[in-house]
Amino acid sequence: MSELVLSSRAIAVGEQLRRRAWIVAWWAGGRLLVLATAAVMHFTGPRALAGRDERSHLLGLLGAWDGRWYRIVAVHGYLLEPGRQSDPAFFPLYPLLLRAGHALGIGYLAAGLVISNVAFLAALAAFEALTRELLGAHLARRATVYLAVFPLGFVFSMMYPESLVLCAIALTALAAIRKRWLLAALVAAAGTLARPEILFVTLPLLPLALSERGAKERGLAFGAVLAPVAALGSFALYLGIRLGDPLAWTHAERAWGRRFTPIGLVTAVERLPKAVEGNAWVIRDVVFFVLYLVLLYAAHRMGAPPLWVLAGAIVVVLPTFSGSFNAIGRFGLLAPAVFWGLASLGASRRTDTIIRSLSAVLLVAATVHVPFVFP
Amino acid sequence: MRTVAIAGLVAAATVAAGWGLQSVGLPQAARGNEAAVRAAEWLMRFRLTSSSVQIGGRVLRGRCYHGWFDARSGRDQRGTVLELGNGLTVRDVRPRLTAAALTALELAGCTDVLGPRVASYAVGNTVLLRRTRVSDRPALAIRLHRLTLFVSPRTDRPLGVQLDGMRSTIELTHMTPSLARRLETGA
């Protein structure tokens, strides 16, 4: 009898995997574009603009930018240098995983690339399941395909925690929808230790928590909603004990010109001409900032859950209150509603083909630009 | 009430587990790196250093100042000036700076030259530390590639520099407005 149950469960799992094989195919296709471009850039890209660590590995380009900081935390631990750019600005989960990978006998860069790319496959699967649950299978498929080849999605293959966080966002929401609140708390807390954006994902979970009837269930649900704040508290506690400054991560961010003020957005706009003068690539972030707002509006018009659209808007707009548009293009990747909006625009076959083709071309171009930019 | 207790318990468990994970899983920065960061902080808090170097049995004194100067073009320029007891002057008005001038400025403990260098090295490198003595006082030697910075073991305040086989003692000095005016005009 138990053998029969096991075999029928195995068949069901096999059927589920077969149905989702297209996710693996799009993941593989998108990642192949990024990895192959990185390898080509290794041989043909600018040597002078890359560091020694980046040049010494075929895919070293994908360990550039903030990847260097995550590696420094993994190897040396946190060290706050007041008034200078230092590593407490980078959250601890990704360096912890890099150390775990390194303990298995692989290099930090290789560990980072494996973690990011595998986590991105999991993120695509979780994102598709969440979107299917909220908006139906057709839109879920389109949104997942667009996410797999999104132009700035090269970041999901870099030594960055973005793929882990996106995965955590989608899994937290799925667990909450299925009323598995302890799992939701665990995943949300882990995600927050990778990047703080997951704090805002608790917003769409609030109505679900409020709809719980029993005291125990409600307590667990609110525990899950509070988990990201608690995880952030654990990071502050750690920094307080180790560095004597619980807010070391915000103090370190100031050296990157980030300081949150109520008029930060105005400051960001005012400073824009000077920022462009210093680093013209900031235009890329401004373009994506506007694009994300348009896509969030499209998601709203299409009928996406309003709290998810609001959470997306916070993820996109809030960083500008630090007085800078820098890296908004990357931050917006963590707003699922952006991709729902894009999927709503690709309803016709023609637009769908245009979005897929253009995204793939821009994904390659965006990967090419990595060694030319010093963020 | 039970709801609040359970939610609080989940949050407390999250804080404890998160802190435990970071404490166990992340390395602590080496003592040498921490000392280097504090030494860099000391350096960058000052604009004036007095130094002395033993060269060929003679003591050469120097005074290094970081600020604005009257340039030859007549315009104000920001940089570092090292005045040596033998009448020579070394100027760091970037981007032009020779290797010999850089060595002199670092050996003299010029704060705006040495501070950023120490701070940069402390990030991403393992900084070695050993006990030693400077002017018959206990000190810590912070090894930064080919340069060694001597600091107080209690406060990490810089006491001296060793570079290219030469060794200096340095004293960080507070700037007074009148002294700043005198130095800026080259009087």
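**Reading a two-chain predicted model**

Mentor: Start with the contact: 39 residues of chain A and 31 residues of chain B take part. Contact means heavy atoms within 4.5 Å. This is a predicted model, where local features need pLDDT of at least 70, side-chain atom pairs count only at pLDDT 80 or more, and totals for chains, interfaces and linings use all residues. Residues are numbered from 1 along each chain as its sequence is written, chains are lettered from A in the order in which they are written, and side-chain values use heavy atoms, without hydrogens and water.

Trainee: What area is buried between chain B and chain A?

Mentor: Buried area is the accessible area (1.4 Å probe) that two parts lose on being put together, summed over both. Here the value is about 2,900 Å², and carbon and sulfur atoms give 71% of that. On the chain B side, B:Gln22, B:Leu26 and B:Pro27 lose the most area to chain A, together 21% of what that side buries.

Trainee: How many helices and strands has chain A?

Mentor: Both are DSSP runs: helices are H or I, at least four residues, and strands are E, at least two. Chain A has 18 helices and zero strands. Its radius of gyration is 21 Å, close to the 21 Å from the globule rule for 375 residues, so chain A is as compact as a globular protein of that length. The radius is taken over C-alpha atoms, and the rule is 2.2 Å times the number of residues to the power 0.38.

Trainee: What share of chain A counts as buried?

Mentor: Buried means under 20% relative accessible area (1.4 Å probe, protein chains only). In chain A, 53% of the 375 residues qualify.

Technical notes:
Buried means under 20% relative accessible area, exposed over 50%, partly exposed in between (1.4 Å probe, protein chains only).
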